[in-house]
Amino acid sequence: MNQQYELTVRLTVKGPIISSGGGNATRGLNRIFSLNALEQPVLRGSHVKGKLRESMRELSDILPDKIYDLHTLFGKEQEEDGPDPRLQQKAAVKISDFIPEEYPANPSIGRNTRVSIDRKTGTSREQHLQMLEKRFESGSSTTWTGTISFFSPDHEAARELGNQLEIGLKWITALGGTKGTGYGRLEKVSTELSPHTPFSAVSLDGEGSVYPLCFEFIDDLMIGGQKKPNSNFVESEKIIPGSVIKGSLARLLNMLCGTNPSTEPISQKNTAVDREFPFLAKYYSRLRFLHAFPALPGHTSRPVALPYSAVQVEPSENDLPFGDVALLDELVLDKKNRAPRFQIDWKESNATETLRESFGWGTPEIINKTRTAIDEKTRTAKEEKLYTFQYLTPYQVPAHDDPDADKLRIRWISRIMLPELEPTERPKLLQELNRATSLGWRYMGKRDAMFRLVDIGKEASDPPFASRKSTLSQGGLAIVTLQTDTLMFDAKALAEQNSRIDLNAVYEDYWDKITGSSCKLLRFFARQRMTGGYLAKKLYPLYSDCYYPYVLTEAGSVFVLELQSPLADEALNRFVENGLSLPSQIIALFPEEEDHYEHWKNCPYVPENGYGEIIVNLDWHWRNCLSSPAAGDAS
């Protein structure tokens, strides 16, 4: 089995140096240094990777039998209308950002100037004066430290690859921008190879059905996001879908076991994984990975989605200006005889921020990074290949009244829900899961952000506004709040109808079918969004001939159900444990011989990927009912 190795790299660079990779512009400067979330200057790992790839390509022309295949080391860029992206080669090496070993807390920042000269007149050309930020003096040497990690079957093979990477780094002449004018000259390279030390980040309970996950990111994180038409900006999501977590762990298993490509599904057909992790291979498709939510710094409980039945009202003294209308048969006016405002009409304020925090949500800082593809022949930027990506930093947005306070790190909290197994099999599955996560599970997201697993054991406190235990004791009502986006109807089939779409009838039919007519929908507060059309067309054979977007009912949507049978409690508890089922219209599209746990092959929005998670009867609805004397009290 492969083992993960880490090559610690120290680069000595002679100033001046400028490495600009996006960020906000500064008045009076044309180019500023790229900074990380802690305001430290960095040489981006993507930049070092590009330079290393270029140098090793040159070396491969000189020593074709001595250099590793570049596509294996650095991955292959996907081409327009290329093959299935699931078959695209992923990079075998992961390169971190490089940070100076010594850098003052309050640096003196100056500027350098550059100007173009008119060849005919010998004078400065108009509008060609550039002002560059100066953080490192000309002639001074600075050592930058980063890491390159990869998997290898043994130490000898790892040492050979480490030596090749070191040679490639030494072939680089300069780093950063404006290299043609003497900036960023690389003077010295030193490396040190070490194996990854396995560690367990989860306290195991052999009888438990929940495997807790807590991710603490070291790098800036980008999750999901697609380039919108006529735009070069890609926006990151703030919640990590269970499918991303599941795919990240699957990729680790393939890399540990040497499966190629590393995107191969985990099943008993994956013989390499089945040999080392037989129980994971057998039950991987049945593991339910919940979405990872960003929690407030210092909190160990998983946040709860803010219900769409929450409304903004005129507050009483010392109260938050919010109430809830899920229990009301009709809307009422607030204390100033005004209609309450739903979330779509809220304006950001300290009050809305406090409300979200009371539900446990952290708010990560956002930064932008600009990247461009380089033409291999001209070494200039490719046309129409300049993009700006939004990233989440691993730190909480600072308070308005104390912007200079120390930054607090956010943790993303998730769980793996184990399926029903034989008593002798569950401990073995847990042991394999713990073994796999301890052998180098460190990368996630579109740009492979590095993270570490943190042991939080069992959650130290109940989630905010914890769910009531009995659904039948609440006056025969169950108030269901979606915690994650959920696929509840087939939008294409509805659109093909010639009649007006009645969402009340659509949702009523859904709840009637999945609960066996034991629950009746009274009212709902919901929003929908289109998603997945590109993925469906690109990845799933079922939709290869057409654009097939899904319409998901968003997290936070609320459904008030009337319980009409003793079987309702059993059905709702089953959905709390396993997630909401896909609608029958969607399941009918799948091959008949396909197993229930194989639906992910044709639809990404299945419960095993974290979708369809619910919570029933939040205390919030009763405590903050708008007609109640306690309305507005969210403490």
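This report walks through a few strands, helices and aromatic rings of the structure above.

Keep in mind that this is a predicted model: local features need pLDDT of at least 70, side-chain atom pairs count only at pLDDT 80 or more, and totals for chains, interfaces and linings use all residues. Residues are numbered from 1 along each chain as its sequence is written, and side-chain values use heavy atoms, with hydrogens and water left out.

Helices (H or I, at least four residues) and strands (E, at least two) are DSSP runs, numbered from the N terminus. Let's begin with strand 24, residues 558-563. Five of its six residues are buried, so strand 24 is largely enclosed by the rest of the structure. Here buried means under 20% relative accessible area, exposed means over 50%, and partly exposed is in between (1.4 Å probe, protein chains only).

Which strands pair with strand 24? Two strands pair if DSSP finds at least two bridges between them. Phe559 in strand 24 is a handy landmark: Val480 stands opposite it, and Phe524 has Phe559 as its bridge partner too. Phe524 and Phe559 also belong to one aromatic cluster, together with Phe489, Tyr507, Tyr510 and Trp511.

Next comes an open sheet of three strands, in the order 9-16-15 and with mixed pairing. Strand 9 (233-234) and strand 15 (364-374) stand at the edges with a single partner strand each, so one side of each has no neighbour in the sheet. Strand 15 runs antiparallel to strand 16 (residues 381-396), and nine bridges join them. One example is Lys369, whose bridge partner in strand 16 is Phe389.

Helix 4 (residues 242-257) packs against helix 8 (residues 426-438) at an angle of about 80°, with the axes 10 Å apart. Axes are lines fitted to C-alpha atoms, for helices over the stretch in contact, and angles run from 0 to 180 degrees between N-to-C directions. That makes the two helices roughly perpendicular; the label covers 65 to 115 degrees, while under 35 is roughly parallel, over 145 roughly antiparallel and the rest oblique.

Who makes the contact (heavy atoms within 4.5 Å)? Helix 4 brings Leu249, Leu252, Leu253 and Leu256, and helix 8 brings Leu433, Ala436 and Thr437.

Asn270 sits in the loop between helix 4 and helix 5 (271-276). Is Asn270 buried or exposed? With 4% relative accessibility, it counts as buried. Leaving out residues up to four places away in sequence, Asn270 touches Asn254, Thr259, Glu264 and Pro265.

**Aromatic pairs**

The whole structure holds 25 aromatic pairs. Rings of Phe, Tyr and Trp (its six-membered ring) pair if their centres lie within 6.5 Å; planes under 30 degrees apart count as stacked, over 60 as edge-to-face and the rest as tilted. Here are two of the pairs:

| Pair | Centre to centre | Angle between planes | Type |
|---|---|---|---|
| Tyr5 and Phe150 | 6.4 Å | 20° | stacked |
| Phe215 and Phe217 | 6.5 Å | 40° | tilted |

Tyr5 in strand 1 (residues 3-14) and Phe150 in strand 6 (residues 141-152) are 145 residues apart, so their pair links distant parts of the chain. Tyr5 is buried at 3% relative accessibility, and Phe150 is buried at 1%. Phe215 is buried with a relative accessible area of 0%, and Phe217 counts as buried at 0% as well.

Definitions and conventions: Contact means heavy atoms within 4.5 Å.
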